[in-house]
Amino acid sequence: MTAERLMLLGGFAAFALTLYWVRQRHLTERHALGWMVVATVLLVCGLFPELVTRAAEASHLSYSSAVLFVSLGIGYVFSFGVTVAYAKLNRRQVTLLQHLAILEQRVRELEAGNGRGTDP
Amino acid sequence: MIAPDVIAVEPRATVVPRPPRAAVNLVLVPAYNEEAAIAATIAGLQSLPDGYEVLVVNDGSSDRTGAEAERAATASRRPVRVVHLPTNGGIGVAVQTGYLYALHAGRYEYVIQCDGDGQHDPAFIPRLVEECRRRNLDLCIGSRFLDCTGGDRSTCLRRVGIGVFVRLIGLLTGVRLTDPTSGLRCAGPAAWRRFARHYPEDYPEPESLHWCLRNRLAVGEVAVRMRSRATGVSSIRSWRSAFYMLKVSLAILIDRLRAEGQ
């Protein structure tokens with residue numbers, strides 16, 4: 001099997017997987033867009049292998065180096081995106097937990113009705 | 001050069017709304033797996049004069065810290081409240097929860113952080129508040145190294161790390177403090193209102209101190225005596241020390257790049 005066919009196969013598989021997860025509502029359309037772009041790149045590279053060859057020649061890289069470089073680039077962008085999203089979610093989760101804990105304390109105090117003054 | 005008894009940078013530029021007339025101070029006690037020490041810590045806070053309330057933040061402890069704190073709070077003649085975080089978030093998250101509580105309550109003037117492991121002597125709390133009032137400080141740190149007052153001065157390795165932070169903060173802000181990692185500190189409204197919104201999640205003391213200095217808040221130190229940890233283990237130990245040094249140094253350097261107020 002050639003690299004072109006592998007990319008073609010990978011592109012179809014990426015499309016199918018992305019559509020499946022969106023259909024199951026496990027992946028939102030907003031987040032699926034990036035993976036659709038990756039699938040499209042794979043498909044285009046599989047259908048038109050000369051594009052990769054020309055890009056490799058233009059950048060004075062060998063074919064395999066060009067493919068590796070593009071793959072690492074895509075991997076980096078997506079991993080970085082996931083890390084940023086994780087950090088944001090973590091911050092939101094912490095804020096929610098803090099407010100939950102404070103509210104829970106207030107509820108307990110109100111329920112106890114111990115008359116120790118007003119709380120937040 | 002060692003700093004004098006109290007160091008103050010330029011007075012703050014921003015005007016912070018003062019709390020209502022009947023303002024009290026809040027002693028904030030973050031606690032994680034301190035079941036053996038938390039009751040004694042709360043008992044020790046009974047010696048404080050009137051005008052102090054206590055908030056224990058149980059940081060998702062896996063032992064009986066929460067139950068022990070509740071029991072001690074019930075027996076206390078001083079208002080002691082306990083907030084239970086559902087999961088362990090780290091010292092920064094626990095302390096910030098206390099500042100958020102104070103922000104929602106809207107009746108506290110100074111918020112004093114005092115660790116739940118019993119290392120901090122409550123006798124120094126009124127002195128920290130007094131110095132804040134007298135010198136119009138926004139943040140007053142209880143320093144182990146200002147005077148030779150005896151007490152626990154940490155391990156040799158940690159003192160080297162503290163020295164690195166002292167130099168780094170001094171280099172970036174021009175202010176030389178002696179104990180940037182101290183967990184015994186008193187924050188005025190300008191500082192703790194900001195901390196309620198933004199506060200580092202882990203190892204927060206040096207970074208938050210740098211933020212105060214960078215934003216020209218008045219910061220000072222008071223000599224205190226600390227006890228040795230009776231039970232439990234510090235959150236900073238073994239291989240974590242290297243990560244701690246790296247993370248905090250990076251955080252301070254990045255904080256330097258931020259715009260004023262951010």
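What end-to-end span should helix α2 (residues 29-47) of chain A have at 1.5 Å a residue, and how far apart are its end C-alpha atoms? I looked this up first. The 19 residues should span 27 Å, and the end C-alpha atoms are 26 Å apart, which agrees. The expected span is 1.5 Å times one less than the number of residues. Helices here are DSSP runs of H or I with at least four residues, strands are runs of E with at least two, and both are numbered from the N terminus.

Notes on the source. This is a predicted model, in which local features need pLDDT of at least 70 and side-chain atom pairs count only at pLDDT 80 or more, while totals for chains, interfaces and linings use all residues. Residues are numbered from 1 along each chain as its sequence is written, and chains are lettered from A and ligands numbered from 1 in the order in which they are written.

Entry: burial in α2(A). I found A:Ala39, A:Leu42, A:Cys45 and A:Gly46 buried in this helix. Buried stands for 20 or more other C-beta atoms within 10 Å of the residue's own, exposed for 12 or fewer, and partly exposed for anything in between, with C-beta atoms placed from the backbone. The buried residues of α2(A) pack against α1 (3-23) and α3 (49-58) of chain A. A contact requires C-beta atoms, placed from the backbone, within 7 Å.

Entry: chain B overall. I noted eight helices and seven strands in chain B. Of its 262 residues, 48% count as buried. Among contacts in chain B with a separation of 6 or more, 83% are between residues 24 or more positions apart.

Entry: nonpolar cores. A nonpolar core is a set of buried Ala, Val, Leu, Ile, Met, Phe, Trp, Tyr and Cys residues joined through C-beta atoms within 7 Å. The largest one has 74 residues, and B:Val27, B:Val56, B:Val111 and B:Ile112 touch the most other members. Its largest share, nine residues, comes from helix α3 (residues 91-105) of chain B. Another core, of five residues, lies apart from it and includes A:Met7, A:Ala39, A:Leu42 and A:Val52. I then listed the contacts of B:Ile112: leaving out residues up to four places away in sequence, B:Ile112 touches B:Asn25, B:Val27, B:Leu28, B:Ile125, B:Leu128, B:Val129 and B:Cys186.

Entry: helix α6 (residues 189-197) of chain B. I found B:Ala190, B:Ala191, B:Trp192, B:Arg194, B:Phe195 and B:Ala196 buried. The buried residues of α6(B) pack against α3, β4 (108-113), β5 (139-143), β6 (185-187) and α7 of chain B.

Entry: B:Gly142. This residue lies in strand β5 of chain B. B:Gly142 is buried, with 27 other C-beta atoms within 10 Å. B:Gly142 and B:Val160 are 18 residues apart in sequence and 19 Å apart in space, C-alpha to C-alpha.

Entry: α4(A) and α3(B). Which way do these two helices run relative to each other? Their axes come within 10 Å and cross at roughly 55°; axes are lines fitted to C-alpha atoms, for helices over the stretch in contact, and angles run from 0 to 180 degrees between N-to-C directions. The two helices are therefore oblique to each other. Angles under 35 degrees count as roughly parallel, over 145 as roughly antiparallel, 65 to 115 as roughly perpendicular and the rest as oblique. The contact is made by A:Val94, A:Gln98, A:Ala101 and A:Ile102 of α4(A) and B:Val93, B:Gln96, B:Thr97, B:Leu100, B:Tyr101 and B:His104 of α3(B).

Entry: positive phi. A:His60 has a positive phi of about 55° although it is not a glycine. A:His60 lies in the loop between α3 and α4 (63-112) of chain A and is exposed, with 8 other C-beta atoms within 10 Å. B:Asn33, also not a glycine, has a positive phi near 50°. B:Asn33 lies in the loop between β1 (24-31) and α1 (38-44) of chain B and counts as buried, with 22 C-beta neighbours inside 10 Å.

Key. Two residues are in contact if their C-beta atoms, placed from the backbone, lie within 7 Å.
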